[in-house]
Amino acid sequence: MQNTTPLVSIITVNYNESEVTLALLASLQKLSYTNLEVIVVDNASPKDCPEVLKGTYPEINLIKSETNLGFAGGNNLGVKAAKGDYLLFINNDTIVPENFLEPLLQTLQNDPSIGMVSPKIKFHWNQELIQYAGYTAMNTWTIRNSSIGYRAKDDGSYDLPRETASIHGAAMMVPRQVVERVGMMTEIYFLYYEEHDWAAKIKKAGYKIFYQPQSYILHKESISTGKSSPLKTYYISRNRLVYARRNFKPLHLGVSLLFQCFISIPKNTFSFLVKRQFQHLKAFWKAIFWNLTHHQIIHQ
């Protein structure tokens, strides 16, 4: 007999943002679903006092990493401590409504072929605008995908639950049995693309990726790295190539690398030069050289 109220482990990662994380924890306190545990992983914050999280909400499980493990590594540390049958990974820069958990849980319980599910994601700064309503497939030329409904008005046009090409790392629920079968997120990426890599791995294992708009969250977006920072430029540029090297078939990878060499890399280089964004240019080329000098670890 199916357990209608299984334990859900909610995992979030904090890095120098205790005030932001406190706002998320305050919204989690109001959830209508109560059989849950909240795990906060502090990623060795150098300019923060994460003890305030435990002091304010003593019921949470605060795990303090000795080093900054990045997005995947921090979440994986949470997975190792989690006891739930379902794991919800959620960014600390989000706010959730009280009934957001049930539709996600029911989606996974009603269809065991679904391996992961994300809610509708709306912008915190304008709750009428959508950030995520599913993803398009990864383009094998550009190694990019598009967020469906991005900046569209939330007028009901994106309210149909459906299968989608990839998950959104800001909020994704995965059954424990899927994690046990497929494994946790790879930690090669550190930041960006790891959720797409994980979704590709889970799809390869025969599961579907789902978008469930009956649930939504509000996302403050890119608080840790900044909306436009050299750090973000570095990891997105580096990991776009890492994703292709790990997931594309040889023919697609060859085509993609040709596109990068003759179109994407020259275009981005020229763009950073024209805009005099020299720190971004340096980060971009650092990302390219990382891929040229790292061969063996890609498939770990």
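The buried residues of helix α3 are G70, F71, A72, G73, G74, N75, N76, G78 and V79. Buried means under 20% relative accessible area, exposed over 50%, and partly exposed in between, with a 1.4 Å probe and protein chains only. Helices are DSSP runs (H or I, at least four residues), numbered from the N terminus.

This is a predicted model: local features need pLDDT of at least 70, and side-chain atom pairs count only at pLDDT 80 or more, while totals for chains, interfaces and linings use all residues. Residues are numbered from 1 along each chain as its sequence is written, and side-chain values use heavy atoms, without hydrogens or water.

Nine of the 12 residues of α3 are buried, so the helix is largely enclosed by the rest of the structure.

The largest nonpolar core has 47 residues. Such a core is a set of buried Ala, Val, Leu, Ile, Met, Phe, Trp, Tyr and Cys residues joined through side-chain atoms within 4.5 Å. Those with the most contacts inside this core are F89, M116, M172, V174, W198, I202 and Y243. Another core, of 36 residues, lies apart from it; I10, L104, L105 and A133 are among its members.

The search of the whole structure finds zero disulfides, a disulfide being a pair of cysteine sulfur atoms within 2.5 Å. Two cysteines are compared below.

| Cysteine | Class | Relative accessible area |
|---|---|---|
| C49 | partly exposed | 46% |
| C261 | partly exposed | 48% |

Key. Helix = DSSP H or I, 4+ residues; strand = E, 2+ residues; numbered from the N terminus.
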